[in-house]
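I opened the model to look up chain contacts and some strand pairing. My notes follow.

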Amino acid sequence: MNWFINFLGSSIGQKVIMSLTGLFLITFLAVHLTGNLQLLVNDQGEQFNIYAKFMTTNPLIKATSYLLYASILLHAVQGIVLWRKNRSARGGQGYARKVTKAVGTNSFAASNMAWLGIIIFVFLGLHLYQFWLQMKLGKVPMAEYNGEQVKNLYVLVAEAYSNPIYVAVYVFSMIVIGYHLLHGFQSAFQTLGLTHKKYTPLIKGIGWMYSIIVPLLFAIIPILMYFNIYPLSSFLH
Amino acid sequence: MKITLKVWRQGGKYKGEFVEYKLDNVKEEMSFLEMMDVLNESLVQKKEQPVAFEHDCREGICGTCSMVIDGQPHGPQKATTTCQLHMRSFKDGDTIYVEPFRAKAFPVIRDLVVDRSAFDRIIQSGGYISVNTGQAQDANAIPVEKDVASMAFDAAACIGCGACVAACPNASAMLFVSAKVSHLAMLPQGKVEAKKRAQAMVKTMDMEGFGRCSNVTACEAECPKEISVNNIARLNREYLGSVFASEKIV
Amino acid sequence: MKKLDAKIPEGALSSKWQQYKSSVSLVAPNNKRRLEVIVVGTGLAGASCASTLSELGYNVKVFTFHDSPRRAHSIAAQGGINAAKNYQNDGDSVYRLFYDTIKGGDYRSREANVHRLAEVSTSIIDQCVAQGVPFAREYGGLLENRSFGGVQVSRTFYARGQTGQQLLIGAYQSLSRQISTGGVKMYNRHEMLDLVIVDGKARGIIARNLLTGELERHAAHCVVLATGGYGNVFYLSTNAMNSNTSAAWRAHRRGAAFANPCFTQIHPTCIPVSGTYQSKLTLMSESLRNDGRVWVPKSQEDAKAIREGKKSPLDLSEEQRDYYLERIYPSFGNLVPRDVASRAAKYVCDEGRGLGETGLSVYLDFSDAINRLGKNVISARYGNLFEIYQKITGEDPYKVPMRIYPAVHYTMGGLWVDYNLETTVPGCFALGEANFSDHGANRLGASALMQGLADGYFVIPYTIGNFLAKEIRTPKIDTSLPEFEAAEKEVRDRINHLLSANGNQSVESFHRRLGLIMWDYCGMSRNADGLQKAIRMIRELREEFYRDAFVPGTNEEYNPELEKALRVADFMELGELMCIDALNREESCGGHFREEHQTEEGEALRNDEDYAYVAAWEFGGNPSEPILHKEELVFENVKLITRSYK
């Protein structure tokens, strides 16, 4: 096993951890988004609440969620470790003027991944406190659908999104996530060595679209809810 | 042209600071280093210690020059070493900051001169093909696809100047290491040792105190020989392959 | 000094090297471990020699003044490397390569050495490919060749325009491998400042640690100098800024004869000088002359108007232009050899028909080729060269004709060596451009890389055994011997002398002045009056240098100005020797053109009767009184003929 520990400690090993956890979080975002979009269904949250119940009780998904928490922590901790390591490698004296150019990636995003990540981490804390923790502590009103008692998470969300400050924070965080993805998506493939003259442009194209569309859809939900607009209709009935 | 230089001075009576020099008679046709020569000549005339900077071939191939000019290693012109940069890239009245390549693995020796011997040690740990003189078979015994040879050349064009490290926000040496690993791994002659080489060179790179690559690609943007970050992906591939597929433990 | 003995083996030319290899003394592996070799320089010759000797089992110490062995100036060679592989099936052979080299050198090199060079040339390519040198290839995956400089076969292997870089990196990697095994101990940023001789044999060097200024004594059983050429004596040359002659010159002062110092090669296609601040000249590949046409205005008035910016070269009609190479040499035209093209450029500029601010350049015009072949073809052939040109001059060669002028490029002269590559100091060897042996009075294109690697990989590993086999009983050399002490003291005195002058002029300014003297009087064409004048001027300059040079700082620190001062001091002695040698050689051959010795048409007039010898100069106690020794050149296999390109 020594070789594996050595690998994890190597510069490329550390980057691979970032890459794999990052890719996992990227897929999670898509799943999370499909759930969130159900908030825009004009059924007073029924579909969303039933979905939420399924997500919190299905054992397979539960198991996956632990993997998710672990990934988030690993991604954050490893990220901080790398950041510190890189700052020390750069040395104490910075450049008087520094121009950072990039090739085929967003140079702002690429050179500020750690800061973007820290903002996302803070947002995540707020996000978990506001929804996940409230739900776990059972401070959520109940709703009844077809005779089944279900936590009415929707009310919690709708309440939060009636606050313009929170909507602003949320939208800002999504922009940050967008930037983080803009570099992170393709960077993950580069780190795994998955580049190819023919396919890399495709990966980069998908990465660009993903990092614009996904945060945009996330951000649009609180805005629409703030203005009480529910454009989707339920497929439950 | 009138140029104001803010030059990093370190060593001797200087503790590590920017010193301002004004030059009134800079010609557009001068190379950047010739402008530095003129500065040094004037310092010598005043019996002061001239600015120490490294340079040799002045043709953009030896990789000796090592300055960061206005925040960019080798200055603003793309695919150009400092020695090939000319003053027509600047405007009359410009203020130019001149600094050494900065990185923990490249300690400053004096003024703009840094110690890049870490690169040599990386090569020594595996950046070669183990063939003794006289052991070679006929040069045409193994055909090499033209495009592959050409790609290997693109990687082998590295001049070992260290601009990649100086440009990288993380002071990572991945472009340098990957260029050598790619150059040799792509050729059939170098394939034999490719796995061992990737592991050994990465290990040394890590020990020398370079940062970790986060794919910023500033290295490629500043590389005077335009070495591609695709080489970094190839190194990652070689490395992962060697760690997980090879039975050898390095 | 004893009589020069080239130690050429007996037998037919083509079997000398084979026989030598089978009969040369060998050193057993257990003895090799005990023997130490110092190698100075890490260019093609030095790096290849050091790595090969280490592979054989010797203990090798390698010195370079660079921060890394990979920076040596071999890296800047562009064109290619010759080898008699005959992969093209165009009739090449070892003999033809040998013959072309002898003829190209204007019959002033030693047959046996040149033949050996041609023999081992094929192994070099094998070795380099095995090391991973990415030579150009054809679609079938086999190696591609091109022809070069006037020969009739395609035998030049190349790696784009960076052949020297790729070959050097190959050698550097081999060297790095030996450093990692411990067979080579590498001393970066160390400059050799003296050779130490113990009981008549070279046993070590005094090196200055360039970071701390400390003078170090290093001992070995023998010393190999692979320290390159001395073209920087001209100040402006295509050599790297730090290339210098000090190691070779110091060996010369300790007894190694210096051969044919006046043989320098001037390359016709360089980017011209643009101002007095200029530090260095850049070569444009000779291949440009395949498609470019060289011309100057017919009249001085037009040239003057262009110089003053009143006219553009595009204003001149065909009748107003003088395509002088095509006019004088109708059969070779723009493709005459380097020395001929260079001299012709000098003549037209001396007539006041040169271009550019300084009046020292001629046009190399591609407009005909662009009209005939299209811009795309020209760009595919020379795109990168045009880019370099534009970067340096700011002019677009697709629109206005390129301007070129000759510049010092290579020095054929160097330390005299015998067949073993041993100098006149036993145990002191010289390889590559540092020796004189293979190129005679003129070097052919793509032959410098070949010679450097031949010497390092395939010659010295055999011939050094011849010396070291007799040294197996010699214990480790002790650096506390009085000889080391004395040499170190001399170096220290030299440094103190330079530092204490505390004059008013920079070292650089002296170097510039020396270069100008050399270029004016010992450059492309020479005459007795000029050379005598140059000798006087150099003596005066040297005296002024020691009186009025200012070297800032101290010895005990990183001090590039002091490094420069030590090098310039040696150049000033060598410069004089070059003039003395040029004055002595009353003939014109190769790169050496004496105005007194030319045909009625102004072509070089060789004198085989009196000057078919190598002029090996012994240091006579002071730089102005060298002692001439002659090695008569015996040509048993080739007939001496006159080169003609008309």
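I checked chains A and C. They do not touch (contact means heavy atoms within 4.5 Å), and their nearest C-alpha atoms are 21 Å apart. Two pairs of chains touch, and the most contacts are between chains B and C.

For the record, this is a predicted model, where local features need pLDDT of at least 70, side-chain atom pairs count only at pLDDT 80 or more, and totals for chains, interfaces and linings use all residues. Residues are numbered from 1 along each chain as written, chains are lettered from A and ligands numbered from 1 in written order, and side-chain values use heavy atoms, without hydrogens and water.

I moved to a sheet in chain C. Four strands form an open sheet, ordered β16-β10-β20-β21 (chain C), with antiparallel pairing. Strands (E, at least two residues) and helices (H or I, at least four) are DSSP runs numbered from the N terminus; two strands pair if DSSP finds at least two bridges between them. β16 (414-415) and β21 (627-632) of chain C are at the edges with a single partner strand each, so one side of each has no neighbour in the sheet.

I looked at what packs there. Helix α17 (residues 560-584) of chain C touches β10, β20 and β21 of chain C. Its direction makes about 145° with that of β20(C) (axes are lines fitted to C-alpha atoms, for helices over the stretch in contact; angles run from 0 to 180 degrees between N-to-C directions).

Last, I took the hairpin of β6(C) and β7(C). Eight bridges join these antiparallel strands. Two residues lie between them, and Asp199(C) takes a positive phi near 50°. Asp194(C) stands opposite Ile206(C) in β7(C).
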